[in-house]
Amino acid sequence: MANNHHRALKTNKPDQRRRDLAAIHIGKEKLGMDDITYREMLVTIAGVKSSADLDQAGREKVLNHLWKRGFKPPLKSARASGMHVSPSRERAPYLHKIGALLAATELSWAYADGIGKKMFGVEKVRWLDPDQLRKVLAALVYNQKRIMEKEKQNQI
C-alpha cells in the first residue's frame with residue numbers, strides 16, 4: 001500500500017468495511033463537505049454514487065483523498081492516546097476542560113501533549129500535576145481566543 005495513514009486498511013476483517021465507511025463519513029463532516037460535493041467526490045475518486053458501493057480499493061482511495069485534504073482520523077486506542085489511565089481527582093477537572101477546549105477548536109490530544117512537552121518536558125499532558133495543567137489550560141484558552149479573533153478578522 002502506498003499510503004500508510006490508515007493502519008486499519010492493512011487488514012481485511014469483516015468489521016473493517018464498517019470502520020472504513022465510518023472514517024469516510026467522519027472525514028466528510030470534519031472537512032465540512034455538503035452532500036453534493038461529497039457525492040461528486042465519490043464519483044470522481046472511486047466511480048460510485050454512494051459509499052455503500054465502495055469496495056476495499058475504493059474505500060482506500062477515498063480515505064487517501066480525504067487525508068490529502070487535511071482529514072486526520074482519531075486515534076484508534078485509548079492506550080495510544082494515554083487516555084486509558086484514570087486521572088486523579090485533582091487533575092480530572094482540568095483534563096475535562098482541556099478536552100472540551102480541544103474539541104471546540106478541533107485539535108487533538110497530541111496538540112495538548114505538545115504544549116505540555118514544550119512547557120514542562122513531559123510527554124503526555126495527562127502526566128502533568130494540577131498546577132502544570134492550569135498553565136496548559138491557560139495556553140489553550142489563549143489559543144482559542146486567537147482563533148476567534150482571526151475568524152472575526154476574516155469575516156470583515
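With which side chain does the side chain of Ser 51 make a polar contact? Keep that in mind while colouring this predicted model by pLDDT, which averages 82 over the protein, with 82% of the residues scoring at least 70. Confidence is highest in helix 6 (residues 109–120), at a mean of 93, and lowest in helix 4 (residues 78–81), at 53. Residues 1–10 have a pLDDT below 50, although this stretch has 21 contacts in the model beyond near neighbours in sequence.

Next, select helix 1, residues 16–30, whose 15 residues reach 21 Å from the first C-alpha to the last, close to the 21 Å expected at 1.5 Å a residue. Its buried residues are Gln 16, Asp 20, Leu 21, Ala 23, Ile 24, Gly 27 and Lys 28; seen down the helix axis, they fall within an arc of 155 degrees and so line one face of the helix.

Finally, centre on Ser 51, in the loop between helix 2 and helix 3. Ser 51 counts as buried because its relative accessibility is 7%, where the cut-off is under 20%. The side chain of Ser 51 makes its polar contact with the side chain of His 25, at 3.0 Å. Leaving aside neighbours within four places in sequence, Ser 51 is in contact with Leu 21, His 25, Tyr 38 and Leu 42.

Note on methods
Residues are numbered from 1 along each chain as its sequence is written. This is a predicted model: local features need pLDDT of at least 70, side-chain atom pairs count only at pLDDT 80 or more; totals for chains, interfaces and linings use all residues. Side-chain values use heavy atoms; hydrogens and water are left out. pLDDT is the predictor's confidence in each residue, from 0 to 100. Helices (H or I, at least four residues) and strands (E, at least two) are DSSP runs, numbered from the N terminus. Contact means heavy atoms within 4.5 Å. The expected span of a helix is 1.5 Å times one less than its number of residues. Buried means under 20% relative accessible area, exposed over 50%, partly exposed in between (1.4 Å probe, protein chains only). The arc is that of the directions from the helix axis to the C-beta atoms. A polar contact is a pair of N or O atoms within 3.5 Å; within protein, one must be able to donate a hydrogen and the other to accept it, and residues adjacent in sequence count only if both atoms are side-chain atoms.
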